[in-house]
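Subject: Structure handover

Hi,

Here is the structure I promised to pass on. My notes follow below it.

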Amino acid sequence: MKDNTYIPKLAKIIQIKEEVGGARPIKTFRTQFIQDNNFSFKCGQCAMLSVFGKGESMISISSTPLIKDYLQFSILKMGRVTSSLHEMQEGDIIGIRGPYGNGFPMEKWKGKNLIFIGGGIGLAPIWSVLHTALEKKEEYGDSMLIYGARTSKDIVFKQELAELRKKMKVHLSVDVEEPGWEEFIGFVPLNVLEIKPSPKNSVAVTCGPPIMIKFVIQNLKALGFEDEQIYTTVENKMKCGIGKCGRCNIGLHYVCKDGPVYSWAELKNLPQEY
Ligand SMILES: Cc1cc2nc3c(=O)[nH]c(=O)nc-3n(C[C@H](O)[C@H](O)[C@H](O)COP(=O)(O)OP(=O)(O)OC[C@H]3O[C@@H](n4cnc5c(N)ncnc54)[C@H](O)[C@@H]3O)c2cc1C
Ligand code: FES
C-alpha cells in the first residue's frame with residue numbers, strides 16, 4: 001500500500017538551543033529521524049512539524065542539505081504548536097513530514113555574488129542557503145550578509161555569526177539605539193542603502209517580516225537590481241503543505257507547492273494576497 005503523505009515520520013529532538021529569550025523567544029531544534037528514511041531536501045524547502053495532540057506547523061529547514069546527520073529548525077514561539085515545541089525537551093519525539101516547496105534555484109546562481117538580507121527569524125531559511133553556498137564557495141562569487149533584529153538580544157545565531165565574519169562580510173543592525181551597539185542603527189532596508197551592495201553579477205535573497213521585505217526590495221531596485229535578481233520567500237498560512245486544501249493560495253498559485261521561494265519578477269505579478 002502506498003504511504004499516506006499526511007502521516008509524519010517520527011523524529012527525536014537531539015539538541016535544543018535558546019537563541020532569543022524574552023517576549024518573542026526563538027529556539028533552534030536539531031532532530032534525527034527514529035528510523036532511516038529518504039528525507040532529502042533543497043535549501044529553502046520546509047517541513048511540517050507535529051506536536052502530537054496539539055497540531056502541525058510549517059517551518060523552514062535551517063540546516064544545509066549537505067549535513068545528513070540532523071535536520072535543524074529555528075522557531076519563534078507564536079501560538080499553540082510553536083509554544084508546545086518550546087516546552088519540549090531534548091529526547092522528546094515530534095513528527096516531521098515533507099520536504100515541501102520549491103526551494104532556492106541555486107543552480108541558476110552559480111558564478112554570481114550572493115547578497116543575503118534577513119530580519120529576525122527570517123535568517124532561518126537564509127541560514128540553509130548561506131551555509132550551502134559557503135561550503136561550495138568555488139561555485140559562487142562573493143557572499144555578504146545584511147541582517148537586523150529589533151534589539152541585540154533578538155539576534156539569532158549569535159555565536160555562529162561571530163564565526164561567519166571570518167568567512168564573509170556580515171553587516172548587523174538593530175532597530176533603535178542601545179548602549180554598546182557599534183554597528184548600524186535603523187531598519188534593515190536602510191542598512192541596505194548604507195552598504196550599497198552592487199547589482200553587478202549579483203543575486204539578492206531576502207527573508208523576514210513582509211514590511212521589511214517590501215522596503216528591502218524597493219531599496220534594492222533603487223540600487224539598480226533587476227526584478228529577476230531579487231528572491232524572497234512567502235510565508236502564507238498553510239495546512240496540508242501539498243496543494244490540496246487551498247489555505248495558502250495567491251491567485252492560482254499554491255505557495256506550499258509553487259513557492260515559498262519567488263523571484264520578485266514572479267511575485268510582483270501575483271495578486272497581493274501575501
Ligand atoms: C513556508 C513557511 C515557512 C515558515 N518558516 C518558519 C520558521 O523557520 N520559523 C518560524 O518560527 N516560523 C516559520 N513559519 C511560521 C510558522 O509556520 C507559524 O508561526 C506557526 O505555524 C504558528 O503556529 P502556532 O500553532 O504556534 O500558532 P497559531 O496558534 O496557529 O497562531 C498564533 C498566531 O500566529 C499567527 N500565524 C500563524 N501562522 C502564521 C503565518 N504563517 N504567518 C503569519 N502569522 C501566522 C496566527 O494568525 C496567530 O495570530 C513559517 C511559515 C511558512 C508558511
Ligand atoms: S497548504 Fe494546503 S494548498 Fe497549500
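C207 counts as buried, because its relative accessibility is 1%. Buried here means under 20% relative accessible area, exposed means over 50%, and partly exposed is in between (1.4 Å probe, protein chains only). C240 also counts as buried, at 5% relative accessibility. The structure holds zero disulfides, a disulfide being a pair of cysteine sulfur atoms within 2.5 Å. C207 is in no disulfide. The nearest cysteine sulfur to that of C207 belongs to C46, and it is 9.9 Å away.

A word on the basis. This is a predicted model, where local features need pLDDT of at least 70, side-chain atom pairs count only at pLDDT 80 or more, and totals for chains, interfaces and linings use all residues. Residues are numbered from 1 along each chain as its sequence is written, chains are lettered from A and ligands numbered from 1 in the order in which they are written, and side-chain values use heavy atoms, with hydrogens and water left out.

Strand β3

C46 leads on to β3, which covers residues 46–51. Helices (H or I, at least four residues) and strands (E, at least two) are DSSP runs, numbered from the N terminus. Six of the six residues of β3 are buried. C46, M48 and S50 point one way from the strand. A47, L49 and V51 point the other way.

What does β3 pair with? One partner is β4, antiparallel, over six bridges. Another is β6 (residues 93–100), also antiparallel, over four bridges. Two strands pair if DSSP finds at least two bridges between them. M48 stands opposite M58 in β4. C46 has Y100 as its bridge partner in β6. β3 and β4 form a hairpin, with three residues between them. G53 sits in that turn and has a positive phi of about 90 degrees.

Ligand 1

A polar side-chain atom of S57 lies 2.7 Å from an oxygen atom of the ligand. A polar backbone atom of R80 is 3.1 Å from a ligand oxygen. An N or O atom in the side chain of T82 is 2.5 Å from an oxygen atom of ligand 1. On its own, ligand 1 has 890 Å² of accessible area, and the protein covers 71% of that. Accessible areas come from the Shrake-Rupley method with a 1.4 Å probe; for residues, only the protein chains shown count as cover.

The seven-stranded sheet

An open sheet of seven strands runs in the order β10-β9-β8-β7-β11-β12-β13, with mixed pairing. β10 (184–185) and β13 (261–263) are the edge strands, and each pairs on one side only. β7 (residues 113–119) and β8 (residues 143–149) pair in the parallel sense over six bridges. L114 has S143 in β8 as its bridge partner.

T232 is found in β12 (residues 230–233). T232 counts as buried, because its relative accessibility is 2%. A polar atom of its side chain lies 2.7 Å from the backbone oxygen of T206.

Two more residues

Is A23 buried or exposed? A23 is exposed, with a relative accessible area of 82%. It is in the loop between β1 (9–20) and β2 (26–33). A23 and L172 are 149 residues apart in sequence and 21 Å apart in space, C-alpha to C-alpha.

K268 lies in the segment after α7 (264–267). K268 is partly exposed, at 39% relative accessible area. The side chains of K268 and D227 are joined by a polar contact of 2.5 Å. A polar contact is a pair of N or O atoms within 3.5 Å; within protein, one must be able to donate a hydrogen and the other to accept it, and residues adjacent in sequence count only if both atoms are side-chain atoms. K268 and I217 are 51 residues apart in sequence, and 11 Å apart in space, C-alpha to C-alpha.

Best wishes
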